[in-house]
Structures are given as C-alpha cells and as structure tokens.
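Have a go at each task before you read the worked solution.

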Amino acid sequence: MSRTRIPTPPAAGITGESVYRDRRRLLQALALAPALVAAGCRGEPPPPMDVPRAATPPPGGGEATGFDTDEPLTREQDATSYNNFYEFGSGKTDPSRARKTLVTSPWSVAVSGECARPGTVPLETLLKGLVPEERIYRMRCVEGWSMVIPWLGVPLGQVLKRFEPGADAKFVAFTSLADPRQMPGVRVPILDWPYREGLRIDEAMHPLTLLVTGMYGKPLQQQNGAPLRLVVPWKYGFKGIKSIVAIEFTRKAPRTAWNDMQPREYGFFANVNPAVDHPRWSQATERRIAGDGNRLFADRIPTRPFNGYADQVAGLYRGMDLARWY
Ligand SMILES: Nc1nc2c(c(=O)[nH]1)N[C@H]1C(S)=C(S)[C@@H](COP(=O)(O)O)O[C@H]1N2
Ligand SMILES: [Mo]
C-alpha cells in the first residue's frame with residue numbers, strides 16, 4: 001500500500017504552550033470537572049453550569065488570539081439538533097433524535113505511541129487540574145454550512161504534554177468509540193469504523209486546538225460528541241472527532257476515516273480554503289447557521305482562508321503548497 005508522505009513541521013514551527021492565559025470567561029475547574037463527567041450520561045439534557053464572567057476582557061483578547069468572535073452565535077437548539085455524527089445515522093437530526101444509548105460515564109482514554117507515559121486513564125484524570133475555558137469559534141463543515149459555537153474545553157496541548165511525547169512524535173492520531181450496542185450507525189458500513197482522525201504535532205499543540213467537554217455553558221450532549229471531542233477551528237469540521245477513546249503519538253501520518261474513504265474529497269490537512277473547491281461543490285461561500293424563528297440558515301457569506309484564523313495558524317504551513325496539501 002503506498003501512501004503519500006505528509007509533510008512534517010519545520011523544527012521551529014512548534015508553538016509554545018500556554019502563552020494565552022487570560023480569558024473573558026473562565027470556568028472553575030474544580031467545580032466543573034466532576035459535573036462534566038457526571039452529567040450528560042443519559043436522559044435529559046444537562047442543566048446549565050455557572051460560567052463566571054470576568055469583569056474586564058483582556059485588551060484585544062478575542063480578536064488577537066482567535067479565542068472569541070463578535071459574530072452572532074448559532075442558536076443552541078440548532079447546534080444540538082443539526083449534527084454530523086454518523087455513528088448515530090447520516091441524517092442531520094439522527095444524532096439528536098437517537099435514544100441516549102451512549103453511556104458517557106465512566107469514560108477512559110487510551111494514550112499510546114511515542115511518549116514516555118503511555119496508559120489508559122479515566123477522563124477525570126486526563127483533565128485533572130486543568131481549567132476549562134470558553135472559546136467562541138466558527139465551525140465550517142466541508143459540506144458548506146457553518147456555525148458559531150461557544151465551546152468549553154482545554155487546550156489539547158496541555159493534555160498531551162502530560163504524556164511526555166518524544167522527539168519522534170510527529171503526529172497525533174485520535175479514535176472514536178465504535179460500539180454497535182451504543183451507536184446504531186456503526187452497523188452501517190458508511191465508513192470503515194471506528195472514526196479516526198489525526199493532526200500534525202504542531203497543529204495539535206497550537207493554542208487554538210481545543211479538547212472539548214462542553215458547549216453553551218453545559219456539558220456536551222451525545223450528539224455533539226460527549227464526553228470528549230476535538231475542535232480545530234481552522235479546519236473543516238470533520239477533523240473535530242467526537243467521543244474520543246484513544247490518542248496515539250505516531251512517527252508517520254495516521255490514516256484517517258474520511259481520507260481512507262475518499263482521499264480526493266477529504267484531505268489530511270483539511271484546512272478551510274475558499275480557493276480550493278471540493279470536487280463536487282465550491283468552497284468559496286458558506287451558509288451560516290444563525291437563523292431565527294423558523295429559519296435555520298442566515299445569508300450565504302464568503303468563506304475565509306483558515307476559516308478566519310490565518311493570523312494565528314498560517315505560519316504552521318509556511319512553504320507548503322496549500323492547494324496540493326489540502
Ligand atoms: N466520531 C465522529 N466524529 C465526527 C463526525 C462523525 O460522523 N463521527 N462528524 C464530523 C463532522 S463532518 C462535523 S461537521 C462535526 C460536527 O460537529 P457538531 O455536530 O457538534 O456540530 O463533527 C465531526 N466529528
Ligand atoms: Mo462536516
């Protein structure tokens with residue numbers, strides 16, 4: 001089997017860890033962490049959590065860091081009922097209408113590969129002591145629609161470094177749960193289950209890359225990838241793998257589910273790029289899900305390079321041909 005060699009990062013391209021500490025709204029880690037794990041496991045949507053609002057926003061905070069945006073939020077009801085989560089069916093409302101058969105607590109994540117401290121850890125341990133932050137990100141699906149969502153999560157890099165990745169850890173691979181008893185969609189061979197995704201290590205360590213446990217001030221519901229999913233705001237939404245059960249540090253670019261299925265349509269990098277059309281449609285514009293009343297969509301708007309995060313992330317791809325390395 002021959003695979004294209006995916007470019008690895010230039011040595012100097014790895015971004016330092018937590019330069020970005022100030023947040024407009026910070027969550028109390030200790031108060032929140034148990035709730036994140038306990039809630040959202042079956043039945044009713046979880047109750048809202050207390051999201052303290054800092055008195056003064058950091059100067060230029062949101063715009064400069066990409067951690068925030070003034071664009072109107074997608075309504076919570078839309079972000080939790082118009083979903084892609086093929087493990088629960090391929091229709092947009094299948095995941096939210098599915099019976100809540102996915103048991104999200106207890107949950108553990110197996111960490112393996114090129115690191116000094118591999119092991120399978122309970123979710124509570126994985127996130128222990130980290131302060132979930134609210135990040136308001138645009139999310140652009142490769143299908144041509146987009147949302148603006150207030151996520152709750154921790155920078156992925158802060159979690160990864162606990163496992164002490166070594167110099168040979170050039171990529172990070174992620175795997176979703178694929179249990180046919182909990183996820184009826186995996187009985188359908190739409191994808192080669194389990195759903196798999198991956199990032200280059202410098203992308204994984206970038207401060208915008210978020211390991212998400214909640215949204216709209218509440219724990220994640222199943223349809224949005226409870227209890228733990230990835231959000232990489234400058235990439236197409238399919239990189240944001242849901243219900244993660246395994247993380248592996250690898251030397252080589254990992255195979256990913258959508259790329260295996262149709263490499264011409266779903267690249268490994270999948271950086272949002274209005275100049276590179278999907279083989280079956282243009283990516284120049286998007287339908288923003290920011291409707292009101294009975295409207296789901298607002299007007300079509302231009303799609304921006306790197307989904308509007310070029311200032312923060314374009315440097316990761318310096319020297320790469322962005323049309324070729326889609
Ligand atoms: N495991 C898994 N993760 C997944 C998907 C999926 O089908 N299975 N769909 C992806 C796609 S295409 C998108 S656009 C986002 C949607 O996230 P949301 O439903 O929370 O908006 O999840 C991504 N993560
Ligand atoms: Mo998507």
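**Exercise 1.** Find which residues come nearest to ligand 1.

*Solution.* Start with the 17 residues around ligand 1, where near means having a heavy atom within 4 Å of it. Of these, Asn83, Tyr86, Glu87, Gly240 and Lys242 come nearest.

A word on the ground rules: this is a predicted model, where local features need pLDDT of at least 70 and side-chain atom pairs count only at pLDDT 80 or more, while totals for chains, interfaces and linings use all residues. Residues are numbered from 1 along each chain as its sequence is written, chains are lettered from A and ligands numbered from 1 in the order in which they are written, and side-chain values use heavy atoms, leaving out hydrogens and water.

**Exercise 2.** Work out which polar contacts (pairs of N or O atoms within 3.5 Å) ligand 1 makes with Tyr86, Ser176 and Gly240.

*Solution.* First, a polar backbone atom of Tyr86 sits 2.8 Å from an oxygen of ligand 1. Next, a polar side-chain atom of Ser176 is 2.9 Å from a ligand nitrogen. Last, a backbone N or O atom of Gly240 is 2.8 Å from a nitrogen of ligand 1.

**Exercise 3.** Is lysine 242 buried or exposed?

*Solution.* Buried means under 20% relative accessible area and exposed over 50%, with partly exposed in between (1.4 Å probe, protein chains only). Lysine 242 has 8%, so it's buried.

Terms used. A polar contact is a pair of N or O atoms within 3.5 Å; within protein, one must be able to donate a hydrogen and the other to accept it, and residues adjacent in sequence count only if both atoms are side-chain atoms.
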